[in-house]
Amino acid sequence: MSEKAFYLPVGDDEFESTPATASPWDFSLQHGGPPAALLARAIERCDPDEGLPIARISVDFLGGIPQGRIRTEARVVRPGRRVELVEAKLYANGKLAVQASAWRIRQQPGATAHVATPALTPPPLPGATPAPEVYFEGVGAGWGYGEAIEWRFVESGFNRLGPAQVWTRVRIPLVDGEETGALQRMLVVADSANGLSGEVPLTGWLFIPPTLTVTVQRAPASPWMFLDVATTIGPDGTGIAGGTMSDDHGLLCRIAQPLLVAPR
């Protein structure tokens with residue numbers, strides 16, 4: 001991987017995107033994962049409180065996100081001692097491109113240990129495989145976002161339609177010179193649910209999510225995260241992509257994406 005990070009800092013809450021953010025639809029645009037993670041970073045830094053982590057984040061993509069200069073901002077909308085709401089915005093080349101809202105819920109260590117749901121662990125991590133020469137049909141090995149993630153499929157693959165199970169690991173930092181937060185790593189890959197589980201080929205169809213919702217149970221305990229995702233398509237040009245993300249200790253979060261489905 002030639003890129004040092006998804007974003008290079010150029011000022012307070014300002015960044016320059018790198019080719020590691022590239023969308024498979026168009027390399028001049030950004031994949032939704034890195035901008036979603038950058039908004040999670042902004043939310044976590046807004047009146048920070050380690051005991052009040054993000055429990056649900058919804059990210060709305062207002063259009064294609066161009067490569068270039070990025071700026072983020074965040075504010076608390078509804079403060080609270082145990083539950084609060086934070087909003088964040090991302091500007092790309094000076095224009096509002098993405099906005100997010102997040103509920104933060106205070107953790108109470110050990111308070112529900114006696115009623116906690118038993119953990120369902122995912123299948124074992126497969127051995128390493130060579131990097132693919134083609135990620136999706138028509139998307140070559142130079143796809144920056146694809147190269148920035150390590151993918152180890154249990155079921156399916158980039159050029160197989162239908163549900164997918166894949167272990168993922170983010171190879172590079174979100175922001176150069178920073179340690180990437182656990183939730184930020186989750187957001188980098190969560191927006192891949194629709195692409196990994198596509199029911200129609202990328203070359204002939206659009207299946208675009210205008211929004212992403214991630215409901216979080218806990219942060220990952222290791223760099224490896226397991227995606228178990230699927231897509232359904234209705235008869236009238238819409239669909240739903242979603243699934244779960246887990247690690248060796250069980251469930252991390254649930255992912256949901258509505259889809260615009262249309263022939264190219």
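In this predicted model, Leu8 has a relative accessible area of 32% and is therefore classed as partly exposed, since that class lies between the 20% limit for buried residues and the 50% limit for exposed ones. Leu8 belongs to strand E1, which covers residues 7-11. When the neighbours within four places in sequence are set aside, Leu8 is in contact with Glu14, Phe15, Glu16, Thr18 and Asp176. The C-alpha atom of Leu8 lies 33 Å from that of Ile240, a residue 232 positions away along the chain.

The protein chain as a whole contains four helices and 15 strands. Its radius of gyration is 18 Å, close to the 18 Å that the globule rule gives for 264 residues, so the chain is as compact as a globular protein of that length. Of the 264 residues, 45% count as buried, and among contacts with a separation of 6 or more, 66% are made by residues 24 or more positions apart. The accessible surface of the protein chain amounts to about 12,400 Å², with 53% of it belonging to carbon and sulfur atoms. As for charge, the chain carries 22 positive and 28 negative side chains, and the centres of these two sets are 6 Å apart.

A search of the whole structure for aromatic pairs finds twelve, and two of them are set out here.

| Aromatic pair | Centre to centre | Angle between planes | Geometry |
|---|---|---|---|
| Trp25 and Phe207 | 5.3 Å | 75° | edge-to-face |
| Trp151 and Phe158 | 5.4 Å | 80° | edge-to-face |

In the pair of Trp151 and Phe158, both residues are buried. Trp151 and Phe158 also belong to a cluster that ring pairs build up, together with Phe6, Tyr135, Phe136, Trp143, Tyr145 and Phe153.

How values were computed:
Residues numbered from 1 in each chain as written. Predicted model: local features only at pLDDT ≥ 70, side-chain atom pairs only at ≥ 80, totals over all residues. Heavy atoms only, no water. Helix = DSSP H or I, 4+ residues; strand = E, 2+ residues; numbered from the N terminus. Rg over C-alpha atoms; globule rule 2.2 N^0.38 Å. Buried < 20%, exposed > 50% of the residue type's maximum accessible area, 1.4 Å probe, protein only. Contact = heavy atoms within 4.5 Å. Areas by Shrake-Rupley, 256 points an atom, 1.4 Å probe, with all protein chains shown as cover. Lys, Arg positive; Asp, Glu negative; His and termini not counted. Charge placed at Lys NZ, Arg CZ, Asp CG, Glu CD. Phe/Tyr/Trp six-rings, centres within 6.5 Å; stacked < 30°, edge-to-face > 60°.
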